[in-house]
Amino acid sequence: MRVNARAVALTMLAVALSAMCIVAGTWQGSRTRDILEAERAALADPIPILEAAGIDGFPASSVGRPVTATGDFADQAQLLVAQRELDGRPGDWVIAPFVVDGVTIAVLRGWVDSPSSESLVVPQGAVTLNGALQPFEDFYADQPLRPDGRLVAISRDQIERAWGVPVVSLVLVLAEQDPESDAAPLPVPLTVQTADVPFPFQNAAYTLQWFVFAAFVWVMWWLWVVRKSPEEGQSRQAPSADPDSLDA
Amino acid sequence: MKGLHGALVRFRIMAWVTGVLLAIMSVVFLPLKYAFGLTEQGILATVYAVGWQAHGWLYVLYVAAGLDISFRMRFSVVRTVAVLLAGTIPFASFFADHYVAKTVDARLATQA
């Protein structure tokens with residue numbers, strides 16, 4: 001490769017252009033992350049439970065979503081889900097009926113070590129619950145109740161049959177109750193952690209494409225600056241088809 | 001000029017595919033989005049997003065084909081960059097296609 005003014009100029013141009021592509025790609029990459037964070041932040045803000053899910057169904061973004069519910073625990077008997085460990089200790093999960101604006105919600109209050117635990121007592125009067133929504137364990141929907149009356153899984157069918165009312169299509173897993181009870185079941189961790197947010201494919205693709213274009217700049221540099229030069233002597237014999245060629 | 005014909009065919013295919021998609025996206029879907037707001041949800045939202053996605057990746061192929069034919073034709077840097085950028089401007093790739101095809105055909109004719 002012969003070092004000349006043209007080669008130097010084109011090399012500087014290639015550096016500048018590929019740097020611009022890298023900057024643009026990096027910017028699209030940070031846009032991708034910002035959009036994801038904004039979507040997650042929007043979902044991390046608790047909303048009233050009936051805005052997140054209803055009896056008829058729920059949007060995909062409501063799974064794992066933090067919600068609040070203000071209402072009363074209903075009169076139907078609480079249900080126990082058998083054989084649920086907490087930190088290795090055997091026990092049961094407690095499912096209680098909670099009514100908000102006349103709609104019944106299955107609330108997973110937490111874990112108790114025995115079916116006679118005093119923490120099973122539900123508070124009287126209006127309370128505000130904070131927690132997150134989780135799907136029912138409907139893969140066990142057809143399992144009959146155990147002989148002792150406890151549930152095998154958090155089955156929506158079994159719960160609705162036991163309480164005689166339809167329930168909201170997601171379970172509220174209790175995290176906080178206001179006012180607090182003196183003795184309450186221990187909160188259980190969420191099975192499905194994060195809500196489903198749409199991934200910004202377009203920005204992620206632009207990120208990649210800008211990096212591809214940065215590489216193309218150097219492909220072009222190699223072809224036009226490095227490879228073209230040795231043939232220059234030969235191609236001079238045939239007049240260039242390009243009147244505005246930078247070679248001139 | 002071995003391979004010049006194949007390079008031209010590849011470039012012409014990419015110029016037309018990229019150009020037609022970009023024309024549809026800008027003439028049909030940009031008004032749908034910005035004048036009528038019809039691409040917020042449903043099937044149109046999906047078509048809109050997939051359309052621009054596809055154009056992004058097709059343009060990458062267009063640039064590759066454009067670099068190939070431009071180097072084989074020993075186009076100048078300015079001319080090459082003009083051909084490559086034509087894939088981002090609605091309808092410009094049809095003019096780039098016409099120009100490149102005419103130039104290549106003339107070159108092939110003088111060598112025949």
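This is a predicted model: local features need pLDDT of at least 70, side-chain atom pairs count only at pLDDT 80 or more; totals for chains, interfaces and linings use all residues.

Q: Take Ile105(A), then. What is it in contact with, leaving aside neighbours within four places in sequence?

A: Ile105(A) is in contact with Ile49(A), Ala69(A), Phe98(A), Val100(A), Val167(A), Val168(A) and Leu172(A). As background, nonpolar side chains in soluble globular proteins tend to be buried together.

Q: Let us step back. How many helices and strands are there in chain A?

A: Chain A has five helices and seven strands. Starting at the N terminus, their order is α-β-α-β-β-β-β-β-α-β-α-α. Chain A has 248 residues, of which 26% count as buried. Where contacts in chain A link residues at least 6 apart in sequence, 71% of them join residues at least 24 apart.

Q: And what does the secondary structure of chain B come to?

A: Chain B has four helices and zero strands, giving the pattern α-α-α-α along the sequence. It has 112 residues, and buried residues make up 29% of them. For contacts in chain B between residues at least 6 apart in sequence, 71% join residues at least 24 apart.

Q: How many residues does the contact take from chain A and from chain B?

A: Chain A contributes 19 residues and chain B contributes 17 residues. On the side of chain A that touches chain B, helix H4 (residues 201-227) gives the most, with eleven residues. That side of chain A divides into twelve nonpolar, five polar and two charged residues.

Q: Back to the helices of chain B. At what angle do the axes of H2(B) and H3(B) cross?

A: The axes of helix H2 (residues 42-72) and helix H3 (residues 77-85) of chain B cross at roughly 155° and come within 9 Å. An angle over 145 degrees counts as roughly antiparallel, and H2(B) and H3(B) are therefore roughly antiparallel to each other. Their crossing is right-handed.

Q: Which residues meet there?

A: From H2(B), Val63(B), Gly66(B) and Ser70(B) meet Thr80(B), Val83(B) and Leu84(B) of H3(B). By class, this contact has three nonpolar, three polar and no charged residues.

Q: A new topic: the loops. Where is Val122(A) found?

A: Val122(A) is in the loop between E5 and E6 of chain A.

Q: Is Val122(A) buried or exposed?

A: Val122(A) counts as buried, because it has 20 C-beta neighbours inside 10 Å, and the cut-off for burial is 20 or more. Leaving aside neighbours within four places in sequence, Val122(A) is in contact with Phe73(A), Gln78(A) and Ala96(A).

Q: What about Ala42(A): buried or exposed?

A: Ala42(A), in helix H1 (residues 5-44) of chain A, is exposed, with 12 other C-beta atoms within 10 Å. Ala42(A) and Val197(A) are 155 residues apart in sequence, and 9.8 Å apart in space from C-alpha to C-alpha.

Q: Now the backbone. Which peptide bond is cis?

A: The bond from Asp178(A) to Pro179(A) is cis, with omega near 0°. Pro179(A) sits in the loop between E7 and H4 of chain A.

Q: What is phi of Arg74(B), and where is that residue?

A: Phi of Arg74(B) is near 55°, a positive value in a residue other than glycine. Arg74(B) lies in the loop between H2 and H3 of chain B and is partly exposed, with 19 other C-beta atoms within 10 Å.

Q: And what is the phi of Phe91(B)?

A: Phe91(B) has a positive phi of about 75°, although it is not a glycine. Phe91(B) is located in the loop between H3 and helix H4 (92-111) of chain B. With 12 other C-beta atoms within 10 Å, Phe91(B) is exposed.

Notes
Residues are numbered from 1 along each chain as its sequence is written. Chains are lettered from A and ligands numbered from 1 in the order in which they are written. Two residues are in contact if their C-beta atoms, placed from the backbone, lie within 7 Å. Helices (H or I, at least four residues) and strands (E, at least two) are DSSP runs, numbered from the N terminus. Ala, Val, Leu, Ile, Met, Phe, Trp, Tyr, Cys and Pro count as nonpolar, Asp, Glu, Lys and Arg as charged, and the others, Gly among them, as polar. Axes are lines fitted to C-alpha atoms, for helices over the stretch in contact, and angles run from 0 to 180 degrees between N-to-C directions. Angles under 35 degrees count as roughly parallel, over 145 as roughly antiparallel, 65 to 115 as roughly perpendicular and the rest as oblique. A crossing is left-handed if the near helix is turned anticlockwise from the far one by less than a right angle, and right-handed if clockwise.
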